[in-house]
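Q: I would like a close look at a single part of this model, taken slowly and with the terms spelled out.

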Amino acid sequence: MFSISLNGWDFNSVHNGCRWMSSIQNTYDLFNGLPNNLDTSQNIFTGGYYRNIPTYGGKTFTLTGYIAGPSESQIIQTVDQFKRLLSLDAMILDFTVGELKRYMNVYVSYNGLKVSYAGARLISFSLPLVSLDGYTYGSQLTYTTGLPSSTGGMLFPFTFDNLIYSENVSNGIMRINYAGSIPSPLKLVVSNVSNPTISVYPSNKTMSLNYTVTNSKKIIIDSTNKTILLSNGNNLYNSAVSCNWLYLQPGMNYVTFKSPVYNSLARLTASFVEVFE
């Protein structure tokens, strides 16, 4: 099973009485690796090459297929209907292969939509698209934990040499097996806590705040947009004692939540989106 859609327009469905048909090859093209700007030149004085410092680029690809309908005029009408959905802004390209679901943020390339006569009551279409970051995105996932508590005298999980030790500890740590192939920034929401410290391993990054949040207010830490805000919009960046933006690495990650003052109502919610090359 495969499907592909742009801003909700399914390219393998019926629209205005006309059947749109897109090749599965369009979907597999989206899994190509990211291009880069590597440039080499011959090393004159010895063997090998010189090279620049390469960086990744975006992805360009073209959706192609056919539209069949009861009449040429009805086909043109459904094409006009589709063009009204196109935008100069970023659009969401959703695609599914089997049980795998991903999406990309794309723009229509400068050539725009092209249609051509392909037979009686049949036209072909070609739509060039570009993804500026080149990434595909999977599921958005959310994890929640409270502050650590212990029946054995420990107040929090201890960390040493990238290892995490715990004894009869409940809460205070999230174990996240991140399936993406590209690091994903975390969005954190913190409530009912004094001077929280959030750490991520194995990246060994920590965010510590000198601030107490109570009642209905929440602290929102957005590592994508590099902001630390109170839920009423106030900027808390100056409250950061240690400010490292927190990301998940591919594989197993541990997110710890600590405070010098225990509160059973304290909560840390971590959200992220799976990111793939």
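Which residue is the bridge partner of Gly-65 in E11?

A: The bridge partner of Gly-65 in E11 is Phe-125. This is a predicted model, in which local features need pLDDT of at least 70, side-chain atom pairs count only at pLDDT 80 or more, and totals for chains, interfaces and linings use all residues. Residues are numbered from 1 along each chain as its sequence is written, and side-chain values use heavy atoms, with hydrogens and water left out.

Gly-65 belongs to strand E7, residues 59-68, where strands (E, at least two residues) are DSSP runs numbered from the N terminus. Two strands pair if DSSP finds at least two bridges between them; E7 and E11 run antiparallel and are joined by ten bridges. E7 is also joined to strand E4 (residues 18-22), again in antiparallel fashion, by four bridges, and in that pairing Arg-19 stands opposite Ala-68 of E7.

In a regular strand the side chains alternate between the two faces of the sheet. In E7 the covered face holds Lys-59, Phe-61, Leu-63, Gly-65 and Ile-67, while Thr-60, Thr-62, Thr-64, Tyr-66 and Ala-68 make up the uncovered one.

Strand E11 (residues 122-131) in turn runs antiparallel to strand E10 (residues 114-119), with five bridges joining them, and Lys-114 has Ser-126 of E11 as its bridge partner. E10 and E11 form a hairpin with two residues between them, and Arg-121, in the turn, has a positive phi of about 55 degrees.

Key: Buried means under 20% relative accessible area, exposed over 50%, partly exposed in between (1.4 Å probe, protein chains only).
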